[in-house]
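This briefing is meant to be read with the structure open beside it. Please follow each residue in turn as it comes up.

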Amino acid sequence: RIYLIPRSQGDSFPTSVTVKVDGATIGTFSQTTISAADGQAISYSGTAYKIDLNTSGTTFRFEFSAGNAYIGELEFWGT
């Protein structure tokens, strides 16, 4: 699972993100409502990305829908 959280100002947070792993497109994701980061150890509730992947890799790339993307926090969870 990957959490992409907006910075506290909430400005220029992208409406969608395409995730690529080791060069292969895994999918395009939209924002969702997160409540206490679903019990994980990050402190966030609100609109953000919660990306569940069933894949592994060494290089993760996030391509955003438009312009600059101001991200406050990025967390990877899993093994």
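Two strands are said to pair if DSSP finds at least two bridges between them, and it is in this sense that residues of neighbouring strands can be said to stand opposite each other. The model is a predicted one.

- An open sheet is built from 3 strands in the order S3-S2-S6, and its pairing is antiparallel.
- Strand S3 (24–30) and S6 stand at the edges, and because each has a single partner strand, one side of each is left without a neighbour in the sheet.
- From one strand to the next, the twist in this sheet averages 25°.
- The pairing of S2 with S6 is antiparallel and extends over 5 bridges.
- Strands of a sheet pair through backbone hydrogen bonds, and the pairing may be either parallel or antiparallel.

**Ser 16, a residue of strand S2**

- Ser 16 lies in strand S2, which covers residues 16–21.
- Is Ser 16 buried or exposed? Ser 16 counts as buried because its relative accessibility is 19%, and the cut-off for buried is under 20%.
- When its neighbours within four places in sequence are left aside, Ser 16 is in contact with Thr 28, Phe 29, Tyr 49, Glu 63, Phe 64 and Ser 65.

**The sheet of four strands**

- A further open sheet has 4 strands in the order S4-S5-S1-S7, again with antiparallel pairing.
- Its edge strands are strand S4 (32–34) and S7, each of which pairs on one side only.
- Neighbouring strands of this sheet are turned against each other by 40° on average, if direction is ignored.
- Strand S1 (residues 2–6) and S7 run antiparallel and are joined by 5 bridges, and within S7 it is Leu 74 that Leu 4 stands opposite.

**Salt bridges**

- How many salt bridges does a search of the whole structure find? The search finds 4 of them.
- Side chains of opposite charge can pair when their charged atoms come close.
- One of the salt bridges joins the side chains of Asp 52 and Arg 1, at 2.6 Å from N to O.
- This pair links distant parts of the chain, since Asp 52 is in the loop between strand S5 (46–51) and strand S6 (60–64), while Arg 1 is in the segment before S1, 51 residues apart.
- Both partners count as partly exposed, Asp 52 at 45% relative accessibility and Arg 1 at 30%.
- The side chains of Arg 7 and Asp 11 also meet in a salt bridge, at 2.7 Å from N to O; Arg 7 is partly exposed at 28% relative accessibility, and Asp 11 is partly exposed with a relative accessible area of 28%.
- Glu 63, partly exposed at 25% relative accessibility, forms a salt bridge with Arg 61 in which the closest N and O atoms are 2.8 Å apart.
- Salt bridges that share partners join Lys 20, Arg 61 and Glu 63 into one network.

**Trp 77, after strand S7**

- Trp 77 is found in the segment after strand S7 (71–76), where Trp 77 is partly exposed with a relative accessible area of 29%.
- Trp 77 and Asp 52 are 25 residues apart in sequence, and their C-alpha atoms are 9.5 Å apart in space.

Terms used
Residues numbered from 1 in each chain as written. Predicted model: local features only at pLDDT ≥ 70, side-chain atom pairs only at ≥ 80, totals over all residues. Heavy atoms only, no water. Helix = DSSP H or I, 4+ residues; strand = E, 2+ residues; numbered from the N terminus. Buried < 20%, exposed > 50% of the residue type's maximum accessible area, 1.4 Å probe, protein only. Contact = heavy atoms within 4.5 Å. Axes fitted to C-alpha atoms, helices over the stretch in contact; angles between N-to-C directions.
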